[in-house]
Amino acid sequence: MTLAARSEPVAADVRPRAARDWTALVVDRAPFLVACAMLLILLGIYSTLQRDVFTLEELNLDTTASLTLLLAATGQTIVLVRGGIDLSIGGMISLGTVIAGTQFGEDPANAALWAVIILAIGVGAGVANGLLISVLRLQPFLVTLATWSILGGTALVILPSDGGSIPSGWTWFGNTGFGGLSTSVWILAALVLFWLWFRATRLGIAIRATGSNERSAYLSGVSLTAVNCATYGLSGLFSALAALYLVTQTGTGSPTVGNGYILNTVAAAVIGGVSLFGGRGGLASTIVGAFILTIIGNLVFVLSISSYWQPIASGVILLAAVLASSLAEKSARRGGM
Amino acid sequence: MMNPGIRPGALARSVCAAVSAVALGAALAAGIAAGPAAAAEGKTYKIYLSNNFVGNDWRQQMIRIAELAAKKAPLAGRVDLKVENVETTVQAQINSLNNIIRAKPDAILIDAGSDTALNPTIEKACAAGIVVVSFDQVVTAPCAYALESDWDRIPALMAEWMAKELGGKGKVFIDRGLAGAPISARLQEGYEKVLKNHPGIEVIGYYNGEYALGPEQAGVASLLAAHPEVDGILTQGYGSGAIKALQDAGRKVVPVTAFSYNVTGVTCAETEGAKCILGSNPGYLGAEAIKLAVDVLDGKKPADRHVLVYADFLATDEFKSELYPDAKVQKIALGTNAWKDRPPGLTLPISPDWMEVTAEEAAGN
């Protein structure tokens, strides 16, 4: 697909990777830096209450606890950087687990085939989102609200309540490890490598440019339809991946399991410093955000307080993140950027 | 909601679990649960209770009675209980269970959000030598005990009672519960299986009571408009909504089967001519789970991983079941087993036969 007829001017809108002005760089990264500081503080507190926090074992546990969210949030991050939002993530995760639970069977070849089909459905549903948003010029929020409902409903039609089974080889893969690191850590490493490559591709740059300033990206020759299809297609792909990983943890199809991830993907991204208005943030932000949410959960546990404090603490952290982000933007404007 | 421990289907699942001050207080109180009566005999076991939902009366009563059981005779001093209430998502309960497993308790009690999705995590707990007891919403993992009410006995005995009340002849409505919920289909089939043995009884209408008063009353009211000649109503919910619908329609009150809420017990006792039987998924199920865990840890293992709890029925009159001769049916007596001044959502009976619970303790006020 042709993303940019003339590719050169797009680069002008990309955030200041090459900015010589240090303060501008710090201001731009302020929300992310604040998030990193929060994560370190939380880890510091946690390490006084729990033994062996700075160990591989802890890394394995926390990554396993965070990875489904992280995979789905990777897609959400791409959409947020584009300046959109994807609610259909919830429906796609549910549908993915349900198809896996009902179709995988015990034959590994069959399971692999259906895994590919699930990924294809994810991409297809995402591209459909992108087309509806571009061609009919509908709000991403409303389009993906509708597709969430359609995908989630389909999941309920296929499997009205939790059930089905996942082959033991599949769950084994998700729960084993290599070289002292759990599968989840290796997948996270692959995700980071993907991101380092992806963000520098023409597509990655075009998505960020479009999220930063849609009009100037368009005037620079970026096809908005192509960008939207790619953005939401990737989000669908990552939701499907999240579903395939989730079933290694649950060993079952669950027609409503995805709904819990929709707003948490947004929360993880925003806490880490991804802007809801597009153009700013990346996977590093989202990883930090997701780990903050997981460590809050661990802290609430070791403090022996009701787990209902977890969403309260997450909400306070989210507010702090949004505040940091808004202060950074204000000071950037005052600085005459 | 009838059988309120069970959150049937997606509808209930989507209900955002409100943060309840009562539950917060109760969970905090868990920290000081180990009572002064130190264990003279047996060891004190560290037990976690993982509960995925606190948004209804039943779960709150369940948590209250579980905490009470850890403090009162006969288990006082035997249990160091910690309650972990988590958000309704499967991931939240998995993450919480993983934290619990790290704390190396002797046993974990689980009221689960899914009968299958926790299995890999539960197997991890079993492999770590932890006794796992799932209760109320039980799980399929073979290494975990599954403690629940006898869902075959409850509808069968109540249908038997209805047939006897009607003298084997009459027209009835049946509540289908909540569309898509497995427990609803099970209760409906349980009713119909017994009624089939009484050819004189005809089912003339179905409605979806959805375990709430409003839909029950509306469902019965609209059926009454079409079939004014009804002789009995088999509900899966409160039953008091069905009685209200009969009264509003100016009809005489017919025999009703329902689940044992305080409001139902009070309504049945106070309404002129009302005949009721109430089945129970008791609020002391969490306490039963603690007792089972302690028994297993003491070396007294049950023969099967499935353990059924048989709570007493309540009825407006004495009733002796022929299908289940062992079943106990308490006669409703205001101030003894149902209370006008207690919350309507309180599940009866409040005490298991091995522990005394007062109405005040059960209601938490």
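I looked up A:Val302 and found its place in helix H12 (residues 283-302) of chain A. Helices (H or I, at least four residues) and strands (E, at least two) are DSSP runs, numbered from the N terminus. The model is predicted: local features need pLDDT of at least 70, side-chain atom pairs count only at pLDDT 80 or more, and totals for chains, interfaces and linings use all residues. Residues are numbered from 1 along each chain as its sequence is written, and chains are lettered from A and ligands numbered from 1 in the order in which they are written.

A:Val302 is partly exposed, because 16 other C-beta atoms lie within 10 Å (buried is 20 or more other C-beta atoms within 10 Å, exposed 12 or fewer, partly exposed in between, with C-beta atoms placed from the backbone). Not counting residues up to four places away in sequence, A:Val302 touches A:Leu49 and A:Gln50; contact means C-beta atoms, placed from the backbone, within 7 Å. A:Val302 and A:Gln50 are 252 residues apart in sequence, yet 7.0 Å apart in space, C-alpha to C-alpha.

**Core**

I then listed the largest nonpolar core, which has 192 residues (buried Ala, Val, Leu, Ile, Met, Phe, Trp, Tyr and Cys residues joined through C-beta atoms within 7 Å). Its largest share, 15 residues, comes from helix H10 (residues 224-250) of chain A. The residues with the most contacts inside this core are B:Leu109, B:Val133 and B:Ile290. For B:Val133, leaving aside neighbours within four places in sequence, I noted contacts that include B:Leu109, B:Tyr145, B:Leu147 and B:Leu292.

**Helix pair**

I took helix H8 (residues 213-226) and helix H9 (residues 240-248), both of chain B: they pack at about 40 degrees, with axes 8 Å apart. Axes are lines fitted to C-alpha atoms, for helices over the stretch in contact, and angles run from 0 to 180 degrees between N-to-C directions. That angle makes H8(B) oblique to H9(B) (under 35 degrees is roughly parallel, over 145 roughly antiparallel, 65 to 115 roughly perpendicular, the rest oblique). Residues making the contact include B:Leu213 and B:Val220 of H8(B) and B:Ala242 and B:Ala245 of H9(B).

**Chain contact**

I recorded 31 residues of chain B in contact with 29 residues of chain A. On the chain B side, the largest share, seven residues, comes from H4(B).

Definitions and conventions
Contact = placed C-beta atoms within 7 Å.
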